[in-house]
Amino acid sequence: MAPGADGRCEMRLMVEGLRCASCVWVTERVLERTPGVVVAMVSYATGRATIRWDPAQVDLPTLARRITALGYHPRPLGVEASADRSLLLRLGVAGFAAMNIMLLAATIYAGWWDGMAPRYAALFHWATLVLATPVALWCAQPFFVGAWSGLRHRVLHMDLPIAVGIAILYLQGVAATLAGRAGYLDSLAMLVLLLLAGRVLESRGRRRAVEAAAALVGSVPRTARRLRTESPSPGSVEPRLESSETVPVQDLHPGDRIDTGTGEEIAADGTVLEGSAQVKMALVTGEGAPVLLGPGDRVVAGTVVIEGALTTLVEAVGEQSVVHRMAAELALAQDRGIAPTSADRIAPWFTAITLLVASLTLAGWWVFRGSEIAIARTVAVLVVACPCALALSQPLAAAAGLGAAARRGLLLRSSDALLRLGHVTVVGLDKTGTITTGTLSVTAASDATLRLAAGLERYSAHPIASAIIAETARRRIPLPCAQEIREVPGEGISGVIDGTRYEIRSAGPGATEVRCADAVVGTIQLGDVARTHSSRTVQQLAQLGIRAVMLTGDHADVAARFGHEAGVTDILARTLPAAKADWVRRQQAMGERVLFAGDGLNDGPALAAADVGLAMARGAASSVLIADGIISTESLAPVIAGIRAARAAQTVIHSSQRRSIIYNVLAVAAAAAGLVNPLVAAVLMPLSSGIVIWNATRVERVIQREDTCAP
């Protein structure tokens with residue numbers, strides 16, 4: 001790879017095998033500590049790593065080996081990833097083994113009271129060891145790999161005490177089985193099962209649709225009708241002939257001419273040569289109203305011809321087109337890093353203290369009571385202090401928050417997105433399709449005028465016709481029969497109703513009039529309308545201490561009108577797609593945490609750049625794919641529900657972690673003092689996890705209480 005202008009190289013890689021936030025955090029720390037590395041950022045969402053380094057100090061193979069040494073697998077972008085189902089498979093095996101081991105353990109414990117023949121006790125002990133062996137050696141492998149990788153690179157995290165505890169429990173179980181005694185393999189199996197379940201909860205839904213950029217490019221048609229000019233034969237007096245051929249879009253070149261008709265999408269960026277048409281430009285402006293284009297106007301690939309026909313001179317195709325440039329920006333914006341969680345920050349201290357206490361316990365009891373008592377006390381310390389509850393606190397509370405938000409209409413893709421939502425300080429709202437419905441609606445018209453207009457428009461596919469028909473149906477006005485319908489693209493439609501000829505013509509922006517001869521029979525006002533609860537949502541955001549800003553590509557006067565209806569005072573009009581993303585970055589540079597809500601293809605860069613991006617469910621496919629969450633209702637009320645769910649989940653997480661730390665301090669002290677034997681420790685370990693699970697159920701109760709108190 002050739003160095004850039006500053007002499008440094010940059011490359012993006014896929015990293016396979018990342019299963020939790022700690023994996024991402026450790027990978028970034030190890031790369032950043034490598035001499036010569038300037039920037040190392042790993043995306044928790046996509047699994048892509050962006051690395052910038054000085055080739056004079058380190059090369060790419062060395063960096064790849066650093067990632068491989070951590071137990072992950074780097075590969076170039078574009079190379080197919082192998083399916084990774086090992087985590088679920090390990091969880092399934094651990095669950096099967098744990099349930100059977102618990103049954104055998106219950107039988108052994110019952111035998112202590114009623115008596116059990118030694119040969120049967122030995123059989124159950126060996127059966128337990130056989131079941132626990134794959135759990136310890138294979139199901140728990142991710143923890144051993146993480147612990148060893150962390151030690152090699154001088155990083156302490158949760159996997160180290162877990163791996164040490166599992167290893168000691170298994171070795172103690174083997175020794176106990178050989179000696180004909182009961183070990184603590186049931187504790188081992190349940191420990192691995194609970195920790196794997198936590199990993200699954202943490203990673204479930206984590207990866208958003210990484211092909212969002214490809215979906216955006218997919219909005220461009222795959223073929224185009226290219227005009228071909230055939231020269232007459234030599235000596236012929238016939239004029240040059242033109243014909244049309246259907247070709248793949250990738251075969252187009254600047255200078256080609258293409259035809260696009262009603263209902264088709266324009267295949268390349270260019271300039272209109274001939275014809276006129278109503279074109280939906282939402283890809284660029286985000287506005288749903290069609291725009292009349294004619295010779296000399298510029299068009300963008302992916303825009304839809306609503307009515308009419310155009311001949312376009314191709315000027316940009318492939319990677320030079322607007323769509324591909326937007327897709328490239330989306331891909332870059334997706335690859336943002338993730339901040340370490342509170343559990344990640346606590347883990348090194350927790351790990352160091354746990355191992356220190358265990359070492360002191362082993363040494364102290366070995367000196368005063370011998371090796372057998374010392375090992376038993378050390379196992380009790382490691383089991384009772386195992387950070388299962390600490391590790392489970394975040395995924396369980398986040399899962400409860402995700403469920404609470406989903407029940408209220410906000411479908412978030414990951415727990416990471418939920419927790420980021422709780423820190424939002426400013427909300428950017430797209431106008432068309434977000435604050436408003438994004439479709440033309442009749443805002444004022446008499447029933448008589450609507451009846452005549454609907455009779456003429458009933459066979460038209462124009463957006464104005466759809467709005468008139470929908471309003472007629474809402475008012476339950478019967479449709480009249482119309483005859484001799486004539487529609488002229490860009491001009492209007494006429495026909496005979498009740499023996500009289502009427503025509504519909506434009507009466508200026510947002511208005512259509514029905515005429516009879518030269519007289520105006522009636523006028524129909526059309527426009528966008530605000531969504532339900534838009535103003536209430538903005539008011540509730542203010543009560544939560546969050547500032548709302550409306551961004552739109554529409555004119556300032558229109559933006560001001562809808563801003564007034566929604567209660568938004570901070571308005572940015574005439575804002576193009578790149579400017580929306582720039583606004584998000586400026587806010588972030590000032591220390592704000594930004595939520596952006598939009599629905600159009602043009603909102604993709606801003607959705608990806610924001611700390612949290614939310615898309616309307618009926619929005620463009622690419623905006624839905626790139627967003628962190630989807631608003632499934634026709635109002636903005638789920639935004640408030642999501643913020644409340646995120647804040648409730650954060651409260652529960654902090655509460656669970658505090659309780660877990662208090663529990664560990666007391667339990668470890670008791671175990672080190674010899675007051676807790678390994679059997680009691682094995683009971684306390686799942687009990688502490690159960691408390692965390694119960695605490696996670698408080699998320700829903702907190703949100704219900706806030707819903708009740710909300711105005």
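This is a predicted model: local features need pLDDT of at least 70, side-chain atom pairs count only at pLDDT 80 or more; totals for chains, interfaces and linings use all residues.
Colleague: Which residues of α19 are buried?
Modeller: In α19, residues 556-566, the buried ones are A559, F562, G563 and A566. Down the axis of α19 they fall within an arc of 105 degrees, so they line one face of the helix.

Colleague: And what does the face of α19 turned away from the buried side carry?
Modeller: That face has the exposed residues D557 and H564.

Colleague: Switching to strands. Which residues of β7 are on its covered face, and which on the uncovered one?
Modeller: β7 spans residues 257-260. I258 and T260 are on the covered face; R257 and D259 are on the uncovered one. In a regular strand, side chains alternate between the two sheet faces.

Colleague: How many bridges join β7 to β11, and how do they run?
Modeller: Four bridges, and the two strands run antiparallel. T260 has L310 of β11 as its bridge partner.

Colleague: New topic: Q172. Buried or exposed?
Modeller: Buried, because its relative accessible area is 17%, under the 20% cut-off. Q172 sits in helix α6, residues 159-178.

Colleague: What does Q172 touch, leaving out residues up to four places away in sequence?
Modeller: G183, Y184 and V379.

Colleague: Last one, cysteines. How many disulfides?
Modeller: The count is zero. C9 is buried at 3% relative accessibility, while C481 is exposed at 64%.

Notes: Residues are numbered from 1 along each chain as its sequence is written. Side-chain values use heavy atoms; hydrogens and water are left out. Buried means under 20% relative accessible area, exposed over 50%, partly exposed in between (1.4 Å probe, protein chains only). Two strands pair if DSSP finds at least two bridges between them. Contact means heavy atoms within 4.5 Å. A disulfide is a pair of cysteine sulfur atoms within 2.5 Å. The arc is that of the directions from the helix axis to the C-beta atoms.
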